[in-house]
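Here's a quick briefing to read with the model open beside you.

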Amino acid sequence: MIRNYEPRDEEELWQLWCTAGEKDGYAPLDREGFRQTLTENPWFQPEHTFVLTRENRVAGFVNGCVDDRIPRGAERGYVGCLLLGKEEKTQENAGQLLAALEDSFRKKGRPWAAVTFFNPIHLPWVVPGTPGHQHNNLPGIPTDLPLHGWMKDFGYQEAAREVAMYLNLADYRCPDWVEEKAGAMAAEGYTVAPYDPRKHWGLEGMLSALGNPLWQEEIPRAAREGKLVLTALKDDQVAGFTGPVWPEPSGRGYFTGIGVSPEFEHHGLGTLLFYRLLDAEQRAGAKYMSLFTGVENPARGIYEKAGFQPRREFGVMLKKLEESQP
C-alpha cells in the first residue's frame, strides 16, 4: 500500500534512515538530527511524501517538494530521498513510490521531476574512504546504487554526471607558485581579499551577472552577518567571490561556491580564489573540504592539482511528466 506520510510515521522513517539509509551512504543521524534534516525541515511537505506499508509497518518512503521559490521551481518538482527496507528493495516498489510522487507533482502543475542540488532539503552523506567525513548535500542519484539504473528505466534522463572531490586539509600546503601568480596579478590590479563593504563595491552587480539566485540570497546575507566572504577584486570593484568561510559541525569547510563575473574572466581570479579559500578554511579550523564538479568540467584539473581526489559519482536526473491518464 502507498499512502501519504503522517506524523505517526516519523519513528519508522528514522529507523529506515538508520538502516537502509546508512547502507546507501547517508550520514548517521540521531532522532533529533533526522527531524532537523527532514521531518521538521521548513521545506518538508507531507503532501509530497509517500510511504510504502506492509503489514501495518512502513517499509519504504520517498519525499519531494514543490515551491516557486526554488530555482526552476515553477516547472519542476524536486525528488529527495527514496529508501526501501532490505526485504522491499525492488525496482517495482521504487517505481510505485516514484509514481505517487510524480502524480503529486502533476497535480501542482509541474511538468518535470528532477533530482539536482537545487533541492532545498539537504541530505548529508559519508564520503567513501574517509573516517566518517560528510558532505552536506546530494547533487543527484549515486551511480553506484541500483536506484540510478531503475530511474533510467522509469524514464529519467541523466542530464549531467557530477563527481564528488575530497581533500584532507591536514595534508594540504599552498604551492609556492600561487604566491608568484598572486604577485603578477596584483601588478595588473587584480587581488583577492576579504569583502569589506566600506571599501569594495559591486557585490550585488557581480552576483546578478552570475545569475545564481541562491548566491544572490546567501552571499549578501553572509556579508551583512559579518561572515568571511573572500572577493576577487579589480582595484576595489568586486569581480568574483568564494565562501562564506566557516567549519561545519562535521569538520567540513563550508562554502557555497566560487564565481567570477564574465566581465573579469581569464585573469586567473577563479584559481586564486580557490587557493585562498583552502588557506582560509584551514586557518578557521576545518578538517577537510569536499565539493562537486562535472565529470568533464575543466575545473576538475584545478581541484586535482590542489590534491583533491574523486570519491563518488552522481547522476543529475530529469523526467518529463506526461499528463495523467483518466
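What follows is a short tour of some salt bridges and a helix.

This is a predicted model, so keep the ground rules in mind: local features need pLDDT of at least 70, side-chain atom pairs count only at pLDDT 80 or more, and totals for chains, interfaces and linings use all residues. Residues are numbered from 1 along each chain as its sequence is written, and side-chain values use heavy atoms, with hydrogens and water left out.

**Salt bridges**

- Searching the whole structure turns up 25 salt bridges (a side-chain nitrogen of Lys or Arg within 4 Å of a carboxyl oxygen of Asp or Glu).
- One of them pairs Lys-89 with Asp-24, with the closest N and O atoms 2.8 Å apart. Lys-89 sits in the loop between β4 (76-84) and α3 (91-107) and Asp-24 in the loop between α1 (10-23) and α2 (31-39), so this pair ties together parts 65 residues apart in sequence. Helices here are DSSP runs (H or I, at least four residues), as are strands (E, at least two), numbered from the N terminus.
- Asp-24 is buried at 10% relative accessible area, while Lys-89 is partly exposed at 33%. Buried means under 20% relative accessible area, exposed over 50%, and partly exposed in between (1.4 Å probe, protein chains only).
- Asp-144 bridges to Arg-312, where the closest N and O atoms are 3.2 Å apart. That pair links distant parts of the chain, 168 residues apart: Asp-144 is in the loop between β8 (141-142) and α4 (146-153), and Arg-312 is in strand β16 (residues 309-320). Arg-312 counts as buried, at 8% relative accessibility.
- Asp-235 and Lys-234 also form a salt bridge, with 3.4 Å between the closest N and O atoms. Asp-235 is partly exposed at 49%, and Lys-234 is partly exposed at 23%.
- Through shared partners, salt bridges join Glu-10, Glu-11, Arg-31, Glu-32 and Arg-35 into one network.

**Helix α7**

- Helix α7 (residues 213-224) has 12 residues and reaches 17 Å from first C-alpha to last, close to the 16 Å expected (1.5 Å times one less than its number of residues).
- After α7 comes Gly-226, with a positive phi near 85°.
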